[in-house]
Structure formats: structure tokens, C-alpha cells
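The following report describes a structure from its atoms. It begins with the backbone and then turns to the metal site, the helices and the salt bridges.

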Amino acid sequence: MKTPLRFLIVILSVSLLRAAEPDTPVFRAGAATSDVTPPLGTSMNGGFQDRKATYIHDPQLVRCLALDDGKTQVVLVVVDSCVIGRDIFDEAKAMVEKATGLPKKYMLMSATHSHSCGTVQAVGQSDPDPLYQRFVARRIADGVCCAIQNLEPAQIAWGVGSVPQHVFNRRYEMKEGGIPATPLGVTTDKVRTNPGVGNPLVVKPAGPTDPEVPFLSVRSVAGRPIALYANYALHYVGGTGPGHISADYFGAFARILRDHLKADHASPAFVGMMSNAASGDINNVDVLGKQEKQPPYGQIAIVAGDVAREVRRVYDTLTWHDEAPLTVVQRELSLGVRLPTADEVTKAGEVMKGSKLAPRMETMEQVYARETVLLSEFPKEVSALLQVVKIGRFQLAAIPAEVFVEIGLELKKKHPGTTVVSLANAYHGYLPTPGHHALGGYETWRARSSYLEVDASTKIVKSLEEMMSELK
Ligand SMILES: [Zn+2]
């Protein structure tokens, strides 16, 4: 072969090889669910007393969304559960990493905070069944692996709705005599959480609310809805039946949205997701008594219906994109623990002896005394896992706590497009601001549901902002 011809053939084959590679990376999305509904008889957490599941009203699901920009893969997971600890999430992430090669850092997993689900993490007087914990970890991994298998070329869009009528700041300034001593014997609280509907001593809420419902949505290139990941700052709704397993309004939102998008027969199935935003001090109770009394699941249907309708309204106005860059930053932050003193632990032990139902505690004083004793075993510092996941113009700040609404509002204001995902990747109890610690109230009472140092939120926000600037 003469040299010029050989040269031509080489050039031709190189350009053929180039043509086989796509010019721009293809954006892909895939979603899947797995079922973590526990057996009847399983402990249910979310209250001071433990309850046992006696009926399954609707399933507890793990809702998973995998995104791939051609270079980076990110997985978003929302689990129907009150709270999930670091060990379970890490166990699930390790299984996914082993099965798919995706490093743990690229997975954002959170619990919804439904108070009608099987106990996965010890809180109040509810303790998890280790077998159920292993099952939940395994099923989270299964859901993620299926979502990754479902990856297909996709389009993405972002929207923000507003549903102000269902969020109330649940901490109130009260008139003289409206604030009782805490179960820990503290008499300096300046606010009262959940003072009760119609309480004549209520003055006004001690903080704001956040009505926004930011969401991201993905669809196939043919227009079939794949998944929609929304975020709303509402603790939960409740009003289920006694002993009922239910995914609360988070599950109802997903079902109603699927109907609105006419995606009930989509294959693979459409996955609606509602993560919990900064809702540590926000609930669905109007203490002024303007809400009508509802039968079981009535209020859940109203809230889920209104939020889904608003998302559907905004959905019609969305601009769809063929790509969105994905980036993740993750960091461990050391935070102090508000440990009880030796004297407090001794006194708490005495209070616990007063329970006639020991080892179960009867009164709030006894419940909090037990918490004091349990907290004395905690380390001086804990490591909190923080994550920032950027998906195009959408930025999720994942915080392993029940984050107060002020923190979410501050991050939104300073970094537009940012939204907090609470109860993410671990659980370290409530995260009030230092100002709210000074006001006191239920969310600040020292227990396994509130033990981080008073300045924890300041340190967390500072770290998250540094992480966001790394992403720029
Ligand atoms: Zn809570």
C-alpha cells in the first residue's frame, strides 16, 4: 500500500471512531420504588410512648431517582419513615456502591418524617427491631439499584409552587401563665410548642413559615413522566388511624400527582417524591381553630391534594432542558453534644424509679429523665455528614437534623435556588437556631431528639456556604 493511501485510511478510521462517540453527553434519568412496609406488631415511633402496627393503610416506600449527566451520577432517595440513623443509610449506600460502583458521596438519602411508620431508629420509647433495620437498608439499596437500571435519555425541568395555607409555625409566644415548666424542671422557656387549638393564652407565632414547594421533574424524550422530586417545609400532617401504617401526606402527594400527570400506567412506573424541607418548627395545626375537624386521613387528603394541584399548575409552565450538570460536595462536621452533668444523671435515675410500668416510663418527667440517662452515654462530639447536591439550577443542602425554618429561609435568601433537605443521611435531632435555643420550648429540651450544641446551626450554615462556594 502506498503511503498516501495508508494515511487516508488511518484518517478515515479515526473520524469514524469519533462519529461513534456522541458529541455531547446524554442526560439520563431513572426512577424506582421499593417497599419497606413492616409486619404488623412492629414498633412505630414518633411519639413519647411506643405504638405497635395493627393495620396497613398504605405502603411505606423507598422512592429513588437516579440522574446521570454523562460524567456524574447522582441518586436522590426519600424513605417513608420518621427518622433514619447514619448506620442504616451507610449500610444501604455501601450495598449500592458494591453493586454499582457508584461512590457513597453521590447518594442523598432522607426520611420523610411520617409519624405512622415502622421504627428504624430509637427515639422516644420506641426501639427498632434489628431484623427490620437490615431489611430497610437492603430495600433502600434495591430501590437505588433498580433506579440506576432504569436510566434512560431524559429531559429535566425545575419549578417552584407556593402553598401557604398549610404551614404554621408551631412555637408561640404566650400570655402570662401560658408556659408550664419543662419536663426537665426548667422554668425559663419563653415560647410554647403546640399550645393547643383555641388556647386563649396564645399571643402570636414565634417564627415565620416557608410556603414554597420547589421541585425538579424528569421525563423521557418522548414526554413520559419519570419522576418528580418536590420539597416542602411541613413536619407531617397526621390524623391517621390508631396503629395504622401510613406514608402520611408524603405518600398521598405522590399518588395524587401521578393521577394529575396521567402517569398511572407508565412503565417504568412514575415516581413522585416529597422530601422534607426545613420544617423543624412547622406543622399543619392552626391553633386559631380555623381548620374543620376531619375524619382519619381527611386532613392528609386535603394537604396532599392542594400541594399536588399547585405542583401540577406550575408543571404546565415548565421549560424542559436536554441537560443539567450534576455536582456533589460532601463534608463531615464535628459538633458538640449537650451532655447532662453527673448530678443531673443521678437525679434522673431517681425520677425513673417513680414509674410503676418500668422499664416503660409513664409521665413526661420520667420520659425525659430516661433521655438524660441515655444521653450520658453519648460522646462529647458527633460527626455530622453535610452534603450539597447541585442539579442544574437546583441546589439541595442536605442536613442530618430536623432543621428550623429560619435556617432554610436564610440559605434560600443568600443562595437562590437552594433548598434544605432535612433528616438527610443521618439523624441528630432538632436543629434550632441559637436564638430559638434562648427562647426554649419543646424542640430545645435535651433528649436524643435534641442534643446538638447551641451553635450547631451557625456552624452547619457556615460549612454549607463554604461547600457551595467550592461548587462554583
Ligand atoms: Zn419531629
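In which loop does Pro268 lie? Pro268 is in the loop between α4 (248-260) and β16 (271-276), where helices (H or I, at least four residues) and strands (E, at least two) are DSSP runs numbered from the N terminus. The model is predicted, so local features need pLDDT of at least 70 and side-chain atom pairs count only at pLDDT 80 or more, while totals for chains, interfaces and linings use all residues. Residues are numbered from 1 along each chain as its sequence is written, and side-chain values use heavy atoms, with hydrogens and water left out.

**Backbone**

Most residues other than glycine have a negative phi, and most peptide bonds are trans. A cis peptide bond joins Ser267 and Pro268, with omega about -5°. Another cis peptide bond, with omega about 10°, joins Ala358 and Pro359; Pro359 is found in the loop between α6 and α7.

Asn194, which is not a glycine, has a positive phi of about 45°. Asn194 sits in the loop between β11 (192-193) and β12 (202-205) and is partly exposed at 42% relative accessibility. Here buried means under 20% relative accessible area, exposed over 50% and partly exposed in between (1.4 Å probe, protein chains only). Leu423, also not a glycine, has a positive phi of about 55°. Leu423 lies in the loop between β22 (418-421) and β23 (430-431) and is buried, with a relative accessible area of 2%.

**Zinc site**

The zinc ion has His113 (NE2), His235 (NE2) and Glu402 (OE) as its protein donors, lying 2.1 Å from it. Donors are N, O and S atoms within 2.8 Å of the metal (3.2 Å for Na, K and Ca); water is not among the atoms, so sites may look incomplete. Along the chain the donors follow the spacing H-x121-H-x166-E. His113 is in the loop between β7 (107-111) and α3 (130-149), and His235, 122 residues apart from it, is in the loop between β14 (225-232) and β15 (244-245). His113 and His235 are both buried.

**Helices**

Helix α5 (residues 298-315) has 18 residues and should span 26 Å at 1.5 Å a residue; its end C-alpha atoms are 25 Å apart, which agrees. The expected span is 1.5 Å times one less than the number of residues. Of the 18 residues of α5, 13 are buried, so α5 is largely enclosed by the rest of the structure.

The axes of α6 (residues 342-352) and α7 (residues 364-375) come within 8 Å and cross at roughly 140°. Axes are lines fitted to C-alpha atoms, for helices over the stretch in contact, and angles run from 0 to 180 degrees between N-to-C directions. The two helices are therefore oblique to each other; angles under 35 degrees count as roughly parallel, over 145 as roughly antiparallel, 65 to 115 as roughly perpendicular and the rest as oblique.

**Salt bridges**

The whole structure contains 31 salt bridges, each a side-chain nitrogen of Lys or Arg within 4 Å of a carboxyl oxygen of Asp or Glu. Among them are these:

| Pair | N to O distance |
|---|---|
| Glu443 and Arg171 | 2.8 Å |
| Glu212 and Lys412 | 3.2 Å |
| Lys353 and Glu350 | 3.2 Å |

Lys353 is exposed, at 63% relative accessible area, and Glu350 is partly exposed, at 48%. Glu443 and Arg171 are both buried. Glu212 is partly exposed, at 33%, whereas Lys412 is buried, at 15%.
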